[in-house]
Amino acid sequence: MFNEISNDKVYKNLIHGEWVESENLENLIEIKSPLDGSLVGKVTAMSKKDIDNVIKSAKKAQANWDNVPIIKRVEILYKAADILEKHSNEIAEIMLYEVCKDIKSAKTEVLRTADLIRSTANHSDILQGESLTGSVYPGYTKNKQAIVTKVPLGVVLAISPFNYPINLAASKIAPAILAGNSVVFKSATQGVISALHMVKCFEEAGVPAGVLNSVTGYGSEIGDYIVSHRGINFINYTGSTEVGRKLSKLAEMTPLLMELGGKDSAIVLDDADLNLAANNIVSGAFSYSGQRCTAIKRILVTKDVADNLVSLIKDEMTKIKAGNPIHEDVTVVPLIDEKTAEFVESLIEDAKKLGADILIGGKRDKNLVYPTLVDNVTENMRLAWEEPFGPVLPIIRVKDIEEAIEISNKSEYGLQASVFTKDINKAFYVANKLEVGAVQINNKTERGPDIFPFSGVKDSGVGVQGVKYAIEAMTRPKSIVLNLNL
Ligand code: G3H
């Protein structure tokens with residue numbers, strides 16, 4: 001099935017139902033593995049003119065797609081989920097080389113995505129409209145009635161990041177097409193080959209020509225152009241805050257949904273179950289080398305239990321293996337590129353210079369940063385505030401619950417936070433005060449299950465994701481008002 005999407009490692013794009021090869025084989029983008037630099041494949045460097053054509057075709061296809069019964073769209077999504085699931089091993093193998101994700105996590109991502117697509121299909125009732133009467137409002141009677149339908153927005157631009165090339169692409173594509181939109185999909189360059197395999201699953205399931213299109217190219221050539229294109233009706237983006245900020249300026253009046261960076265804190269109070277906290281914190285901080293927006297990125301622990309917690313975390317960290325993701329038991333893998341590893345190293349060095357204690361790690365070998373635990377981090381250090389997107393965990397010792405809340409909220413980010421305590425009243429007190437999209441009580445920060453709302457405040461995002469919320473975001477209510485004479 002996947003033979004059609006490439007020719008001798010040169011990958012094609014799905015445009016108006018055809019897998020189209022690059023016209024200029026001299027100008028291809030090479031995707032190399034962060035694992036060993038080997039070539040994973042090459043993709044087309046599309047031009048602005050190519051983008052115009054894709055958007056034009058997506059626009060045309062959308063009008064027809066909107067007329068396809070919702071139940072038929074549901075069937076296609078179920079089929080796409082089954083096809084994706086059937087190919088989970090093949091796709092996970094590609095992810096291993098392309099984004100250096102360990103094979104177990106890669107497979108879990110593909111299977112989780114199949115469930116997400118099915119769950120999206122299960123939520124088709126959201127597309128039911130409603131009927132309203134004016135008579136509940138002062139000055140009106142039941143002579144005025146509105147039939148409110150949910151209509152698609154048009155052409156959705158879906159932009160996914162490298163760290164979840166399948167899941168964070170499908171979480172945009174599936175709700176968009178269920179709602180009757182067409183999609184122009186641009187993956188991060190690293191991750192694009194895995195993503196194109198997923199696109200093939202949707203096509204194979206019967207998504208009609210032009211409803212789902214993939215585009216590839218240099219950000220410098222087509223990045224700004226596509227985001228500011230007037231043919232795009234909605235932008236659904238996951239990635240860095242820096243790019244998100246730029247993108248929202250370029251988008252002008254095009255509505256958008258953005259999931260950006262985070263600096264999720266784990267607040268550990270005096271009465272916490274410290275074993276549970278240490279276990280959750282370590283897996284929350286280090287899985288996929290911390291390259292998750294929801295990774296735990298700082299610990300705020302009250303000083304009376306800090307030493308005990310640190311000792312348990314150190315024990316827990318001895319179980320973490322770092323190295324080649326081909327081995328199932330490896331958690332900390334090489335980072336996506338050497339530049340990221342250098343950045344993570346600079347944060348560690350800054351903290352060290354300003355007096356923090358490196359308890360574990362602090363070493364780097366090219367793009368592999370070994371799991372690092374840094375104690376006595378203070379507010380004057382970059383590590384207290386900046387998002388590493390790497391396997392480094394800072395510990396900030398606080399005097400009490402109030403200081404923990406204050407430092408947590410001082411961050412420019414507001415994605416998620418965890419609070420560890422046995423006292424439900426304290427847990428709710430902290431949760432209510434934290435400026436974040438979600439608070440986990442006695443658990444690590446995480447997005448799943450994918451039906452829950454997922455949102456960030458401040459620099460962590462705009463709008464709400466999660467199956468039903470994403471469908472709602474990519475539709476709008478349209479009213480047809482009856483003015484009767486009863
Ligand atoms: O990297 C951002 C993702 O949305 C995080 O998802 O919590 O399932 O790892 P996750």
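## Ligand contacts

Thr-294 places a polar side-chain atom 2.5 Å from an oxygen atom of the ligand; a polar contact here is a pair of N or O atoms within 3.5 Å. Taken alone, the ligand exposes 310 Å², and the protein buries 96% of that (Shrake-Rupley method, 1.4 Å probe). In this predicted model, local features need pLDDT of at least 70, side-chain atom pairs count only at pLDDT 80 or more, and totals for chains, interfaces and linings use all residues. Residues are numbered from 1 along each chain as its sequence is written, and side-chain values use heavy atoms, with hydrogens and water left out.

Arg-112 has a side-chain N or O atom 2.8 Å from an oxygen atom of the ligand. At Cys-293 a backbone N or O atom lies 2.8 Å from a ligand oxygen atom.

## Ligand surroundings

Residues around the ligand (a heavy atom within 4 Å) include Asn-163, Tyr-164, Leu-168, Glu-259 and Phe-454. By class, this shell has four nonpolar, two polar and five charged residues; Asp, Glu, Lys and Arg count as charged, Ala, Val, Leu, Ile, Met, Phe, Trp, Tyr, Cys and Pro as nonpolar, and the others as polar.

## Aromatic pairs

There are two aromatic pairs, with ring centres within 6.5 Å; planes under 30 degrees apart count as stacked, over 60 as edge-to-face and the rest as tilted. Tyr-137 and Tyr-140 form a tilted pair, 6.1 Å centre to centre with 55 degrees between the planes. The ring centres of Phe-162 and Phe-389 are 6.2 Å apart and their planes stand at 80 degrees, so this pair is edge-to-face.

Conventions. A polar contact is a pair of N or O atoms within 3.5 Å; within protein, one must be able to donate a hydrogen and the other to accept it, and residues adjacent in sequence count only if both atoms are side-chain atoms. Rings of Phe, Tyr and Trp (its six-membered ring) pair if their centres lie within 6.5 Å; planes under 30 degrees apart count as stacked, over 60 as edge-to-face and the rest as tilted.
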